[in-house]
Amino acid sequence: MNNLTEELKAHPGLSDIYGEASADVEAAADPESLEAVRVKHLGRKSPLLQLLRSIPKLPAEEKPVAGRLGNQVRAALEQALLTRKQELEESQLRERLAAEQVDITLPGEPFPRGHLHLITQTLWEIEDIFIGLGYRIAEGPEVETDYYNFTALNTPEGHPARSSHDTFFIEGHPDVLLRTHTSPVQIRVMEQEDPPVYIIAPGRVYRRDSDATHTPMFHQLEGLAVDENITMADLKGTLEVFVKSMFGAEREIRMRPHFFPFTEPSVEIDVSCMICEGSGCRACKHIGWLEILGAGMVDPNVFGFVDYDTDRVQGFAFGMGIERIAMLKHRMTDLRMFFDNDLRFIKQF
Ligand code: DAH
């Protein structure tokens, strides 16, 4: 190249063409202007091409030199254009890469972390207590039949106890309903297994109720113990352990006679009020006791439905509302807050 520049000194016309074209190539800042430079200096109307075309008309002794130098200049310019083109493309790519770079060192958007709902926490806490006492978890369907939800629980059709368990029925299937309690799991387990049975059955239940202390869906936990020589003292001892584990060792329980179709005798269990320590307050309606669950000795009629030998085994059962337990433990007043999904409430637990 330097030789060419050197040699061109004797040919000012060609030297100017080469010099100007080389400068234009260097100055082109992008592929588009480089293409314009190519057309200007190597296109058919360019001075170089015109010069090359006029060679045949030159005197014979000048032709060879003019032809060789002209073609060398053209080749040199073509090479320069190619080199410049590659340079421009590379720098364009570098610019794009720099502009579109993702900075992976930036801290990410924080992803909000949730936690277990208070109902689930409470359920797990209760389950832990009973598992510690040797119980195992059993489950049953939320869509139940009339037989398991009522009949086999000693609540035949027309029994007045059915009226407090109004629920949702499946259209066209009068025998299929959303279970009103977890008690049907008792029947399902006893149908499948021989005694001894020690189970708890947590889950959702449904009733046609809606106010500050009732929602159409809520949660219960059922308990069932069937074995030889089971007495009411076992029931009381078991529930006392549960209440003290759940609400504190200072809590006492008491039993009040009650009625449930599937237990005989039946009781309601109260816990000494944790707010006023038994002296009486608004929460316990000045009684000093708060109702927390229903229980009793399994009615022999129920054992009849599952072919258990009532001469050999006895049992106790209990059922509690999870929302109620959680409300007492956390001193809540409105049950509906559980299901409003207001984060200001949910985040507190
Ligand atoms: N199933 C009853 C209800 O939902 C609660 C209950 C009471 C369950 C006594 C029991 C029991 O197992 O023995 O109202």
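This is a predicted model: local features need pLDDT of at least 70, side-chain atom pairs count only at pLDDT 80 or more; totals for chains, interfaces and linings use all residues.
Local features need pLDDT of at least 70 and side-chain atom pairs 80 or more, while totals for chains, interfaces and linings use all residues. Residues are numbered from 1 along each chain as its sequence is written, and side-chain values use heavy atoms, without hydrogens and water.

A pair of aromatic rings is described by the distance of the centres and the angle of the planes. Rings of Phe, Tyr and Trp (its six-membered ring) pair if their centres lie within 6.5 Å; planes under 30 degrees apart are stacked, over 60 edge-to-face, the rest tilted. The count comes to 12 aromatic pairs. The ring centres of Tyr135 and Tyr198 are 5.7 Å apart and the planes stand at 90 degrees, so this pair is edge-to-face. Phe316 and Phe318 have centres 6.4 Å apart and planes at 25 degrees, so they are stacked. Phe316 and Phe318 are both buried (under 20% relative accessible area, with a 1.4 Å probe and protein chains only; exposed is over 50%, partly exposed in between). Tyr135 is buried at 7%, whereas Tyr198 is partly exposed at 28%. Ring pairs join Phe130, Tyr135, Tyr198, Phe242, Phe316 and Phe318 in a cluster.

The ligand is surrounded by 16 residues, each with a heavy atom within 4 Å of it. His181, Ser183, Arg207, Gln220 and Glu222 are the closest. A polar side-chain atom of Ser183 lies 2.9 Å from a ligand nitrogen atom. In the side chain of Glu222, an N or O atom is 2.6 Å from a ligand oxygen atom. Phe318 places a backbone N or O atom 3.3 Å from an oxygen atom of the ligand.

Conventions:
A polar contact is a pair of N or O atoms within 3.5 Å; within protein, one must be able to donate a hydrogen and the other to accept it, and residues adjacent in sequence count only if both atoms are side-chain atoms.
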